[in-house]
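Reader: Before the discussion begins, please show the sequence and the structure to which the terms will be applied.

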Amino acid sequence: MLKCRAVWRKLAPLTRSASTVCRHNVRRTALNTGRSQAPAPAAQMSTGPAGGGGNQNTIYVVLVGAVCLGSGAYAYMTVKGDSKRYNNRISEISSRSQIQTSEPQLELEPAVVPVPESDAVPPSEESIPATEAPEPPVQAEPLEISPAAAESAEEPVTEAPPEEAPPPAQPETVQEAPAEHAAESHPEAPEPAPVLPTVPSHAPYLLIGGGTASFAAARSIRAREPGAKVLIVTDEPDLPYMRPPLSKELWFSDDPTGTETLRFKQWNGKERSIYFQPPSFYIKPEDLTTAENGGVAVLSGKKVIQMDVRGNKVKLDDDTEISYDKCLIATGGTPRNLQVIERAGEEVMKRTTMFRKIEDFKSLDKVSRNVKSLTIIGGGFLGSELACALGRRSAESSLEVIQMFPEKGNMGKVLPEYLSNWTTQKVMREGVKIVSEALVKSVAFKDDKLEIKLKDGRKVETDHIVAAVGLEPNVDLAKSAGLEVDSDFGGFRVNSELQARSNIWVAGDAACFYDIRLGRRRVEHHDHAVVSGRLAGENMTGASKPYWHQSMFWSDLGPDIGYEAIGIVDSSLPTVGVFAKATSKDTPKAATEQSGTGIRSESETEATASSPVASSTPAPVVESKDEYGKGVIFYLRDKVVVGIILWNVFNRMPVARKIIKDGEEHADLNEVAKLFNIHED
């Protein structure tokens with residue numbers, strides 16, 4: 001009806017103009033005949049006199065009549081279309097409510113046509129097909145002209161008049177209703193319900209990478225903003241987990257199912273899982289958008305391949321796009337390989353393990369049970385830990401474990417030469433064959449064996465190779481995102497708040513940060529991932545804190561030898577070592593019994609050093625100069641301590657952190673070593 005009024009307003013000026021023309025024709029006729037005629041009333045102008053304008057008046061009458069008739073037909077078609085669409089929509093809502101609830105609330109589901117079709121237009125217009133009616137601009141109009149809708153709201157849907165049901169051949173019903181509602185309206189031909197998308201289109205907090213740094217950031221974000229919605233995107237199939245046990249405790253487990261369950265006993269005998277949280281801790285990615293209290297969702301098996309920092313969105317490897325408000329890059333790193341192995345061919349690569357992830361641990365565990373000889377290339381933390389772990393296993397089987405490295409001893413780039421040589425002897429006593437000062441020249445596959453040729457002419461035959469020669473930070477996103485990569489240390493360059501851009505942060509192995517005491521650095525250790533991820537999460541929620549923390553790292557060569565380090569520990573620097581005789585308390589096993597966790601940084605990074613008190617016990621004389629049971633090694637640069645290793649000395653890291661933070665020169669480091677109470681039994 002509203003449209004009828006609008007049409008009439010447009011046609012009214014035309015009608016008035018037609019009447020005016022008719023009057024003018026009457027006057028002209030009277031002048032031409034010489035007779036004066038009384039002007040006809042305006043109401044009679046539609047018939048006209050029998051003069052020259054009669055035919056023209058008839059045309060106007062027909063025109064006006066046709067316009068009125070067309071307007072009425074148009075109005076009828078519009079109202080009819082509105083009514084049918086309204087009824088269809090009500091039927092769909094009613095059907096949906098009946099599915100969702102056991103008792104349909106019929107009083108809230110009106111299903112009656114607002115205006116009966118028989119009262120709206122003459123029967124002669126009912127033959128107009130509904131598909132010719134244009135789309136109504138406002139769907140709420142039937143509610144305004146339907147006084148009967150409220151009265152019939154209590155009627156059941158099944159009692160609706162026949163004209164309410166959409167005709168089977170009516171195309172506009174199929175176009176208007178979604179697929180799931182169309183299936184409800186046509187039970188005889190149901191359509192499958194659409195699959196909910198597993199990838200949310202938007203995440204307020206997007207964390208790229210599923211490692212320790214990402215999980216620490218997610219936990220920090222939720223702590224400061226309990227209702228936050230956090231999405232972690234990782235190319236791994238697993239939930240966030242800790243990496244240190246992959247090369248430590250898991251290899252010493254007595255549980256034959258430990259490889260599958262990924263549960264292990266710490267040195268103190270307590271059992272725990274490698275995963276930070278069980279699956280119940282997380283919400284599904286498709287539920288993230290609608291979660292009232294927010295949560296942390298993990299989108300596994302997806303890799304971010306491109307970043308649009310201006311549009312605040314990322315692109316996944318399946319071309320899916322996700323927008324974000326704030327983003328953390330915690331992509332970690334990829335194990336390096338030797339070029340001679342990469343060039344050796346497919347057969348060599350098939351027999352080479354790059355150790356980093358859970359699948360690598362499972363693969364190496366299986367290989368170690370099926371081969372006779374296994375060679376580890378690399379003498380750093382990872383290589384030495386795996387060598388000790390597999391060496392223990394070789395005592396129970398016929399497995400031959402070989403470790404080769406270019407240095408003179410194990411961890412030769414970190415430990416002073418005397419301590420490196422001592423450590424090498426301990427590793428050999430675990431059943432490992434050491435090949436030192438080994439530079440690999442080539443690797444070939446011959447007679448079902450891998451032949452490793454060294455540059456000095458030596459040859460080593462083995463069945464499998466483990467390459468543990470370092471980590472390359474994942475900075476593939478730098479190009480598309482326009483982020484700066486440090487040319488010296490690698491990784492994304494960030495400021496003191498771990499920011500790479502105004503709404504982008506970086507944490508973990510991939511972050512090249514500025515250390516307020518030691519300058520720009522990049523650290524590849526668990527504790528740094530925890531602390532940098534935690535700080536990045538706080539700054540993403542507005543904390544604006546600088547990264548001042550001196551991260552630590554630790555390594556265990558079995559349950560009896562372990563060390564913790566902080567700062568710059570480089571064997572090329574001058575060092576001063578102070579040692580004492582070790583006791584049964586000075587082992588990684590005893591340390592975990594005291595702290596309650598094998599991941600020692602979890603307890604030590606929370607502690608702070610406050611006015612450490614030196615031990616009053618005099619330093620005993622070490623019986624043998626070659627016995628390094630426990631002690632402290634100081635690394636110096638310009639006579640200032642820049643790094644400290646605590647050798648079989650545990651739970652003293654806050655003291656070491658404070659010494660480095662103070663940055664003072666010390667005349668006698670033996671006195672400083674007393675702060676660690678290494679001479680107490």
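**Terms and their grounds**

Author: In this predicted model, strand S10 (residues 352–354) and strand S17 run parallel and are joined by three bridges.

Reader: What makes S10 and S17 paired strands?

Author: Pairing requires at least two bridges between the strands. S10 and S17 have three bridges, so they pair under that criterion. One of the contacts is that of Thr352, whose bridge partner in S17 is Ile465.

Reader: How do you know that strand S11 pairs with S17?

Author: Strand S11 (residues 373–377) is joined to S17 by four bridges, and the two run parallel; the cut-off is at least two bridges, so the pair qualifies. Within S17, His464 is the bridge partner of Leu374.

Reader: Which way do the side chains of S17 point, and are they buried or exposed?

Author: His464 and Val466 point one way from strand S17 (residues 464–467), while Ile465 and Ala467 point the other way. All are buried, a term that stands for under 20% relative accessible area. In a regular strand, side chains alternate between the two faces of the sheet.

Reader: Why are S19 and S23 said to stand at the edges of their sheet?

Author: The sheet is open and has three strands in the order S19-S22-S23, with mixed pairing. Strand S19 (492–493) and strand S23 (519–521) each have a single partner strand, so one side of each lacks a neighbour in the sheet. Strand S22 (residues 511–515) pairs with S23 in the antiparallel sense over three bridges, and Arg521 in S23 is the bridge partner of Phe513.

Reader: Why is Cys388 called buried, and why is Cys68 called partly exposed?

Author: Cys388 has a relative accessible area of 3%, and buried means under 20%. Cys68 has 38%, so this residue falls in the range between 20% and 50%.

Reader: How many disulfides does a search of the whole structure find?

Author: The search finds zero disulfides.

Conventions:
Residues are numbered from 1 along each chain as its sequence is written. This is a predicted model: local features need pLDDT of at least 70, side-chain atom pairs count only at pLDDT 80 or more; totals for chains, interfaces and linings use all residues. Side-chain values use heavy atoms; hydrogens and water are left out. A disulfide is a pair of cysteine sulfur atoms within 2.5 Å. Buried means under 20% relative accessible area, exposed over 50%, partly exposed in between (1.4 Å probe, protein chains only).
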